[in-house]
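Have the structure open as you read.

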Amino acid sequence: MLIRTHDASTPAASDITPREVWRNRRHLLAAAGGTALGVTLPALASTAAKASGTIMQGGDSKAQKLAATASKLSTPERATPYKVVTTYNNFYEFGTEKDDPVKHAHRLRTRPWSVRVEGEVAKPRSFDIEELLTLAPLEERIYRMRCVEGWSMVSPWIGYPLAELIRRVEPTSKARYAEFVTLADPKQMNGLAVPVISWPYMEALRLDEAMHPLTLFTVGLYGEVLPNQNGAPVRLVVPWKYGFKSAKSLVSIRFVEKQPNTSWMRSSPEEYGFYSNVNPEVSHPRWSQATERRLGEDGFMQRRRPTLMMNGYADQVGSLYAGMDLRRNF
Ligand code: MTE
């Protein structure tokens, strides 16, 4: 993993979406009748913008809005401002600096798009993007996201459990792992010219991890379709694992019997293991993972906060790893 040792590109606090706008929107969601009432976010976003007298900076005014219900699996923590979530990115296909993806990902063409699902499944097939957007009811999941580099965010993703997609292809008894392959097109992706890792970017999960209700097949962010730099048109979000497991711009999912070698395992096996669960007790060989810096709450005096076991999701996912030595299976 490429690591930045200074924070020069962290957006300044003055540069970010006013928190009030987002907080008002959350209050309106609650006021509109609780947690999961099929409230449509775009409607609320504009109401919130009016109520606060501020233009909602949900992003591009031309971007397709997505209606989603608020999920009980969301963290009550305050979401990181839109500007930070969409300008401080890792997407090495567009360059290795944090602001490269927002500068270059406009070249990514997200239509036509399909995701091929194959391997150890009874019903292999391709899913067109329009079908993927409507395959299951969309939920807004506000998740903590912890990067292996030591920073974290809270992002309001939109999507549905990956399990919804998986059960439609009927994995066979040999399907023990799912491999996620992402787009690698040098015509659209300037970063592919540099062999940071072996392209395409490839990640994988054990089948039970992939089927876990927290694992989100993600199509949107902040009430809209995913911005390109955040992995348009479809990506994974696996909130209890380091961010690099959440592969962006997926083109295929393969079900296999043997544990796959992911891109990061190939490039640096002693640093990046298969599981990559957030674990404050297991240091990266070059730095501690005990604390993190929450982006968007910057300031010279900002204290690093303690990192939580499995990023705070241990109650939900801890049983997946019962009896395993988490130092060896890092
Ligand atoms: N997916 C692809 N295809 N290419 C990448 O470089 N970077 C990963 C992950 N998914 C990456 C990727 C890393 S290191 C992180 S921390 C997250 O995406 C960042 O997601 P975000 O930019 O939406 O916060």
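## The S6–S7 pair

Strand S6 (residues 177–182) runs antiparallel to S7, and the two share five bridges. Strands here are DSSP E runs of at least two residues, numbered from the N terminus, and a pair needs at least two DSSP bridges. Across the pair, Ala178 sits opposite Leu205 in S7.

S7 (residues 202–206) has five of its five residues buried, so the rest of the structure largely encloses it. Buried means under 20% relative accessible area (1.4 Å probe, protein chains only). Met202, Ala204 and Arg206 cover one side, Glu203 and Leu205 the other, and all are buried.

## Cavities

The model has three cavities of 30 Å³ or more. A cavity is a set of points on a 1 Å grid, over the protein atoms alone, where a 1.4 Å probe fits but cannot get out; lining residues have an atom within 4 Å of a point. The largest cavity holds about 340 Å³, taken as the space filled by probe spheres set on the points, which are joined across faces, edges and corners.

Its lining counts 25 residues, with Asn90, Met145, Arg235, Gly243 and Lys248 closest to the centre. Strands S4 (139–146) and S5 (151–161) are the elements that give two or more residues to it, and S5 gives the most, four. By type, the lining splits into 14 nonpolar, seven polar and four charged residues, with Gly counted as polar.

## About the model

This is a predicted model: local features need pLDDT of at least 70, side-chain atom pairs count only at pLDDT 80 or more, and totals for chains, interfaces and linings use all residues. Numbering starts from 1 along each chain as its sequence is written, and side-chain values use heavy atoms, leaving out hydrogens and water.

Methods. 1 Å grid on protein atoms, 1.4 Å probe; cavity = no way out; pocket = protein on both sides within 12 Å on 5 of 7 lines; lining within 4 Å. Buried < 20%, exposed > 50% of the residue type's maximum accessible area, 1.4 Å probe, protein only.
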